[in-house]
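Dear colleague,

Please find the structure below, handed over for your study. My notes on what was found in it follow.

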Amino acid sequence: MALPGQPERVLSGMRPSGRLHLGHYHGVLKNWINLQHEYDSFFFVADWHALTTHYDTPNQMENNVWDMVIDWLAAGVDPSRATLFIQSQVPEHAELHLLLSMITPVSWLERVPSYKEQQEKLSGKDLSTYGFLGYPLLQSADILIYKASYVPVGDDQVAHVELTREIARRFNFLYGRDEGFIEKAETAIDKMGKKNAREYRRLRTAYIEQGQEDAVELAHQLLNQQQNITLGDKERLFGYLEGGGRVILAEPEALLTEASRMTGLDGQKMSKSYNNTIFMRDDEDRINKEVKAMPTDPARVRRDDPGDPDKCPVWDLHKIYSDETVKSWVVDGCKTAGIGCIDCKKPLIDSIIDEQRTLKERARPYEEDPSLVRNVIASGCEKASEVAEETMEEVRDCLNTDYYS
Ligand code: TRP
Ligand code: SF4
């Protein structure tokens with residue numbers, strides 16, 4: 001839910017892992033591209049998050065960052081619509097992370113599922129660090145500093161958004177009840193006029209006493225329509241509605257990205273760590289060679305053995321890349337042994353290469369002139385900083401560390 005008077009904002013981050021592959025493109029970036037048309041969109045490179053696990057190899061960082069950003073642009077993320085920036089260039093993220101750490105119980109962080117999971121998965125690396133424990137809290141700071149309404153993430157990240165909500169609630173509870181909060185809220189209600197005031201009180205009771213969720217929604221609508229109360233009063237009444245304090249940090253919602261698992265060249269999930277990827281901007285000869293070498297339904301030993309597309313990783317890719325005509329040609333041909341696997345792969349290879357032409361075309365100007373990418377990011381960082389700084393002023397005010405203002 002956006003705070004009154006503010007546009008709905010979407011925010012997401014990606015760790016800089018270098019060049020992106022088709023799994024990133026179809027699973028994440030195409031979603032970002034749709035979102036940028038609907039929301040005030042902020043997308044950033046989570047380079048500090050990368051350091052929580054790769055603190056020992058910082059030398060790759062810079063290339064990984066620029067390569068990844070070029071892939072975003074190649075995918076069609078549009079800097080005139082979305083704000084693109086790098087986490088470390090907006091140091092307010094670190095300041096908010098630090099301040100939130102003051103109110104975050106260590107046990108909340110220890111029980112985030114990814115904490116133990118990742119430690120086990122990356123058991124070759126010492127992840128018993130302070131920074132790694134704080135990974136999801138840094139993510140909370142990333143989200144809360146922009147007051148994002150929605151956070152598009154995969155299901156592995158939902159717990160991090162949930163933690164973010166808990167932190168926001170705790171913060172608002174601790175610092176959103178300035179002296180006289182209740183009196184101020186009651187005065188603000190009266191300012192809305194008799195009829196609206198009565199309606200607000202009714203909805204508030206319906207929620208607090210009867211737990212009616214839709215009452216919150218209705219009350220938010222009512223508040224958003226009010227012309228004669230200040231923004232501060234609106235915020236106070238948003239908080240008062242749910243029994244808490246003034247909403248300083250907004251609770252975000254996860255926008256779950258459909259678990260679209262991209263099949264890799266060996267039939268496992270496409271992932272850099274399995275070495276089975278096709279990059280978003282890959283070499284045509286390599287695509288040709290690698291797709292030709294992809295495993296198929298093992299039942300098709302000989303050309304005239306019929307097969308079953310559902311047992312074939314090549315079919316998974318057809319499902320993404322081929323239209324209905326090609327797909328029914330594949331199913332028929334495979335099941336009747338009417339086509340061979342090489343025939344079957346041909347239109348797939350063509351579609352992948354075709355798609356890459358567009359991606360490469362969009363990337364070309366940025367590859368030829370790296371200053372263009374740097375400028376996109378520099379102006380994104382500037383815009384992000386302004387928003388982040390505004391939030392920090394409120395946060396510092398809450399903590400009474402704003403000695404000179
Ligand atoms: N942890 C996220 C990932 O690994 C990256 C990330 C960092 C992020 N900060 C974020 C995602 C804030 C969404 C919002 O994918
Ligand atoms: Fe797979 Fe196509 Fe061969 Fe069938 S014909 S096994 S779908 S590659």
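**Loop residues with a positive phi**

Asn-275 is exposed, because its relative accessibility is 71% and the cut-off for that class is over 50%. Please bear in mind from the start that this is a predicted model. Asn-275 lies in the loop that runs between strand E5 (253-256) and helix H14 (284-292). Its phi is positive, near 60°, although Asn-275 is a residue other than glycine. This deserves a remark, since most residues other than glycine have a negative phi.

Ala-337 is another residue to look at: it is not a glycine, yet it has a positive phi of about 60°. You will find Ala-337 in the loop between helix H16 (324-335) and helix H17 (341-368). Is Ala-337 buried or exposed? Ala-337 is buried, because its relative accessible area is 12%, and buried means under 20%.

**Helix H10 and its partners**

Helix H10 covers residues 181-191, and its buried residues are Phe-181, Ala-185, Ala-188 and Ile-189. Viewed down the axis of H10, these buried residues fall within an arc of 105°, and therefore they line one face of the helix.

What do the buried residues of H10 pack against? Their partners are helix H11 (194-210) and helix H13 (231-241). After H10 comes Gly-193, which has a positive phi, near 95°.

**The contact between H11 and H13**

Two packed helices are described by the angle between their axes and the distance between the axes. For H11 and H13, the angle is about 35° and the axes are 9 Å apart. On the H11 side, the contact is made by Tyr-200, Arg-204, Tyr-207 and Ile-208; on the H13 side, by Leu-237, Tyr-240 and Leu-241. Of the residues in this contact, 6 are nonpolar, 1 is charged and none is polar.

**Cysteines**

A disulfide is a covalent bond between the sulfur atoms of two cysteines. How many disulfides does the structure hold? The number is 0. As for individual cysteines, Cys-398 is buried, because its relative accessible area is 15%. Cys-341, with a relative accessibility of 24%, counts as partly exposed.

Yours sincerely

Technical notes. Residues numbered from 1 in each chain as written. Chains lettered and ligands numbered in written order. Predicted model: local features only at pLDDT ≥ 70, side-chain atom pairs only at ≥ 80, totals over all residues. Heavy atoms only, no water. Buried < 20%, exposed > 50% of the residue type's maximum accessible area, 1.4 Å probe, protein only. Helix = DSSP H or I, 4+ residues; strand = E, 2+ residues; numbered from the N terminus. Arc of directions from axis to C-beta. Contact = heavy atoms within 4.5 Å. Axes fitted to C-alpha atoms, helices over the stretch in contact; angles between N-to-C directions. Nonpolar A, V, L, I, M, F, W, Y, C, P; charged D, E, K, R; others polar. Disulfide = S-S within 2.5 Å.
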